[in-house]
Amino acid sequence: MDWLYMMMPISGVNIFWPGLIILGLGVGIIGGFFGLGGAWMVTPGLNILGFPMAFAIGTDMAQMAGKSLISTMRHGKFGNVDYLLGIVMLVGTIVGMEIGAQMIMWLERIGQVDRVVRWMYVVLLTIIAWIVFGDVAKRRAKERAAREKNQEVDKLESGFDWGKKLQAIRVPPMIHFKHAGVYCSFWLPICVSLFTGWLAGILGIGGGLIRMPALVYLIGCPTHLAVGTDLFEVAISGLYGAASFTYKGRTELLAAVIMLVGASIGAQIGVVATKYVKGYGIRIVFGLAVIGCLFSVLLRQLASEVPSMRGLFTTLATIDVLALVSLTAIYITYRMVKGAQAELAAKKQAAGN
Amino acid sequence: MTKLRRLGASACALSLALLAPSLAMAAGGRGAPIAIVADTRFIDNGLMHWWAQMYNESHLAFALMTMVIIPVLGCVLGFVADFFMKMTGIDLGKRELAEK
């Protein structure tokens, strides 16, 4: 079975290459569906396959750039990308990430970094999950209230309308993001991206996990547009991250290329699935994925707090991530296949009539 | 005047918060950089050997190659996957924008 293993020329580790394709496929599906880079899934995945952590992060960045580009291309054809909004957000993201990275170095010097970062991550994921499910409950309440009055809630209406309230703050210059259907102050996306970039810089993540809900709830973007626009940003910031890590000698490009083969298929599945799932469907599955991610971070925190049970908690955290990735990817693929089957059957029926 | 003073104090506090990390960084010394070298002695494949050799000789050239290869490969694979997806007969140009 030697042919299933491949020697990586830079890191010198012998890797089970089908594992790379499967990992790429999984992260392609999930990333394309939610608009995420998926570093929280790939970095531990690469580490499990045998890459040293330093190479795992750089390799992840490289594949993330390529995979997000593939997903952005497909989302772009669906009209799910507001490029202007993506570029404006990119400015705030870069500045915010730099401030966050400086703060993390400061925390490193006072020796508190791991603890602070993990607890911040836990709090942040809890807040995101609360917002997602709180919004779902609010939307249902609005539907019930409308039904009582024999009315219907607008199909683009959200439970929480923070986005609309923030759009109403008219601080010049005003800007119109036509694709996203958002007319707001130029400073709104700048401030939101500065905040999400700062958080991403502190947590050491790409930021898609924070930016996608921020686009929905704070900017007021429709979910599909938030997913596509976020991926556009992830593609550019991922390329910058890949350049930075590669220059420091921490990227195994061959592994990233193998992963991209799987990711190109996965990205198609994930993006096409968004055609058959409405905004709230994406939001609910996203919320569940955030809860799964939250458990994994909590388990890793427990592993560092209780050294005698480190092995058990680390294993449980790994199982949690693997199960989360597999179940979410299977669910998204199922929805894509079901949707495609229904569409093709309808087409056939229309042609028969 | 009081407002102006308050604004000044807020600006000072903000700059202190932003500059504190860099001040703390400046206080400490730098660690020795770690050099990672690819071991080319056991690589038989010519292309892989050349790739590892380039990594050892210049990280800049290696980074530039990566910056070119990743987007180009992403575009090529994207087009290929798109081509096969179109063959399924699904309408890949339209979607309904609805939250529920």
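Modeller: Helix axes here are lines fitted to C-alpha atoms over the stretch in contact, and angles run from 0 to 180 degrees between N-to-C directions. The model is predicted, and local features need pLDDT of at least 70, side-chain atom pairs count only at pLDDT 80 or more, and totals for chains, interfaces and linings use all residues. Residues are numbered from 1 along each chain as its sequence is written, with chains lettered from A and ligands numbered from 1 in the order in which they are written.

Colleague: Why is α5(A) called oblique to α7(A)?

Modeller: Helix α5 (residues 113-148) and helix α7 (residues 187-203) of chain A pack at an angle of about 135°, their axes being 9 Å apart. Angles under 35 degrees count as roughly parallel, over 145 as roughly antiparallel, 65 to 115 as roughly perpendicular and the rest as oblique. The angle therefore makes α5(A) oblique to α7(A).

Colleague: What makes α2(A) largely enclosed by the rest of the structure?

Modeller: Eight of the eleven residues of α2(A) are buried, so this helix is largely enclosed. A residue is buried if 20 or more other C-beta atoms lie within 10 Å of its own, exposed if 12 or fewer, and partly exposed in between. The buried residues of α2(A) are Ala39(A), Trp40(A), Met41(A), Val42(A), Thr43(A), Pro44(A), Gly45(A) and Leu46(A). Their cover includes α1, α3 (53-78), α8 (208-219), α11 and α12 of chain A. Gly50(A), with a positive phi near 125°, follows α2(A).

Colleague: How do you know that the span of α12(A) is close to the one expected?

Modeller: Helix α12 (residues 310-352) of chain A has 43 residues and reaches 63 Å from its first C-alpha to its last, close to the 63 Å expected at 1.5 Å a residue. The expected span is 1.5 Å times one less than the number of residues. Among the buried residues of α12(A) are Val325(A), Thr328(A), Ala329(A) and Ile332(A). Ile30(A) touches those four residues, and its other contacts include Leu36(A), Met41(A) and Gly270(A), not counting residues up to four places away in sequence. The cover of the buried residues of α12(A) includes α1 (17-34), α2 (39-49), α10 (253-276) and α11 (279-305) of chain A.

Colleague: Which residues have the most contacts inside the largest nonpolar core?

Modeller: They are Ile30(A), Phe34(A) and Ala65(A), in a core of 112 residues. α10(A) gives the most to this core, with 15 residues. The term covers buried Ala, Val, Leu, Ile, Met, Phe, Trp, Tyr and Cys residues joined through C-beta atoms within 7 Å.

Colleague: Why are Asn150(A), Lys149(A) and Asp154(A) called exposed?

Modeller: Asn150(A) has 6 C-beta neighbours inside 10 Å, Lys149(A) has 7 and Asp154(A) has 12. The limit for exposed is 12 or fewer, so each qualifies. Asn150(A) and Lys149(A) are found in the loop between α5 and α6 of chain A, as is Asp154(A). Asn150(A) has a positive phi of about 55°, although it is not a glycine. Asp154(A) and Glu143(A) are eleven residues apart in sequence and 9.4 Å apart in space, C-alpha to C-alpha.

Colleague: What is the omega of the peptide bond that joins Pro172(A) and Pro173(A)?

Modeller: Omega is about 0°, and the bond is cis. Pro173(A) lies in the loop between α6 and β3 (174-177) of chain A.

Colleague: How many helices and strands does chain B have, and which helix gives the most to the side that touches chain A?

Modeller: Chain B has three helices and zero strands, both being DSSP runs numbered from the N terminus (helices H or I, at least four residues; strands E, at least two). Of its 100 residues, 13% are buried. In the interface, 43 residues of chain B are in contact with 50 residues of chain A. α1 (2-27), α2 (46-57) and α3 (59-86) of chain B each supply at least two residues of the side that touches chain A, and α3(B) gives the most, with 17 residues. That side of chain B divides into 28 nonpolar, nine polar and six charged residues.

How values were computed: Two residues are in contact if their C-beta atoms, placed from the backbone, lie within 7 Å. Ala, Val, Leu, Ile, Met, Phe, Trp, Tyr, Cys and Pro count as nonpolar, Asp, Glu, Lys and Arg as charged, and the others, Gly among them, as polar.
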